[in-house]
Amino acid sequence: MIEFSRFELANGLRVLVHEDDTTPMAAVNVLYDVGARDESPDKTGFAHLFEHLMFGGSLNVPDFDDPIQLAGGENNAFTNNDMTNFYDTLPAQNIETAFWLESDRMLSLNFDEQVLDVQRKVVVEEFKETCLNEPYGDMMHLLSDLVYKQHPYRWPTIGLVPAHIEGTTMPDVKQFFFRYYRPNNAILVVSGNVKTEEVLALAEKWFGDIPRGEVPPRNLPAEPEQTEFRQLTKEANVPVDAIYLAFRMAARSDPDFYITDLLSDILCTGPSSRLYRHLLKERQLFSGIDCFVSGFIDPGLFIIEGKPAEGVSLEAAAAAIWEELDKLKNELIAGPELQKIKNKAESNLIFSEMSALNKAINLACFELLGDPDLINKEAEIYQQISAEDLQRVAQQILRRENCSQLCYIAKPQT
């Protein structure tokens, strides 16, 4: 049981505190309710660019890294389609350093043309390195565009094209910052060897006078139901052929998310999972195969990816996957197999909540979903899933007309 307290400052900043005296450390996590889905189609990659800009100096702090390192800590961040998250870990007695740094960059960035120019180049280079020059690096670009026709999930976090970042102007930056990086659009979580009263006092001291913002209401277009099989085949400079099957699935807060997550584990988590055991080990049709869920806040993706073994065609590989999916839809999963996968899900949850940092991040994400106490409920949610639940969701989503298939064909080596 992870106990926590929840408060809200007058400016709208949500504050959660988890006390843990088993560690000398503390984690300070600031989550902003803005991600790639909040961008305009002609200006994508902004949320990711801001992750970089937030380390480029703020109103009163020219350098972010030195103070946190001098306090014995470290920091990092991540951005995805739904959120932007910054975190600091440091000895608990030095926690005020993190409050000072995080509050200053929430107050205002250092809007410097040179910093913007440097970070533009960094992000564009990252785009080229991870998407354009990496084998299969454009997979999410191609697959997202294949699946989504209306919703902004149709572009990945890094953006649609480098030109959107290259064309970023300082007015664009200021508008995006003061629209989304406001206390009433943020969640502060502190976890570790702290006292709740101390954290609240520090939150009021450092964040309390930052003004609220006029955060625009989120009104995203709902993605229409997919009613036909979609496919794209691309010849590319990749080592071997590859196949990706993407199925539309439930949103993160939907109870069916947990059922779909278990389905992905049954298919491809560990050497005893179905796709790994039947298609890779026994029939040797694949050299590698995996399955995962996106975990998007809005309805996301259930993805199966595989690299056929030498001499196995993409058509044969796809047919073998569909055979396994049909079994999943037509047969109830036996008790021992189901219980084993439930226990593995529960152990993964426990492992993911061992550190102060992971607890802080998880609490922030669950608060964003609307129920921070999910951190204590998820294990039981997984344990209550039945074989009938799994069959129902498998029949609902693992349909050909709900599938988008992307294939890479390796160009012949010259």
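**Sheet and loop**

Modeller: Ala77 has Phe86 as its bridge partner in E5. This is a predicted model: local features need pLDDT of at least 70, side-chain atom pairs count only at pLDDT 80 or more, and totals for chains, interfaces and linings use all residues. Residues are numbered from 1 along each chain as its sequence is written, and side-chain values use heavy atoms, without hydrogens and water.

Colleague: How many bridges join E4 to E5?

Modeller: 6, and the two strands run antiparallel. Strands here are DSSP runs of E, at least two residues; helices are H or I, at least four.

Colleague: Which helix lies across E4 and E5?

Modeller: H1, residues 46-53, at about 170° to E4. Angles run from 0 to 180 degrees between N-to-C directions, with axes fitted to C-alpha atoms, for helices over the stretch in contact.

Colleague: What is the strand order in the sheet?

Modeller: E1-E2-E6-E3-E5-E4, an open sheet of 6 strands with mixed pairing. Two strands pair if DSSP finds at least two bridges between them. E1 (5-8) and E4 (74-79) each have a single partner strand, so one side of each lacks a neighbour in the sheet.

Colleague: New topic. Where is Thr23?

Modeller: In the loop between E2 (14-19) and E3 (25-32).

Colleague: Buried or exposed, and why?

Modeller: Thr23 counts as buried because its relative accessibility is 18%. Buried means under 20%, exposed over 50%, partly exposed in between (1.4 Å probe, protein chains only).

Colleague: What is Thr23 in contact with, beyond its neighbours within four places in sequence?

Modeller: Gly192 and Asn193. Contact means heavy atoms within 4.5 Å.
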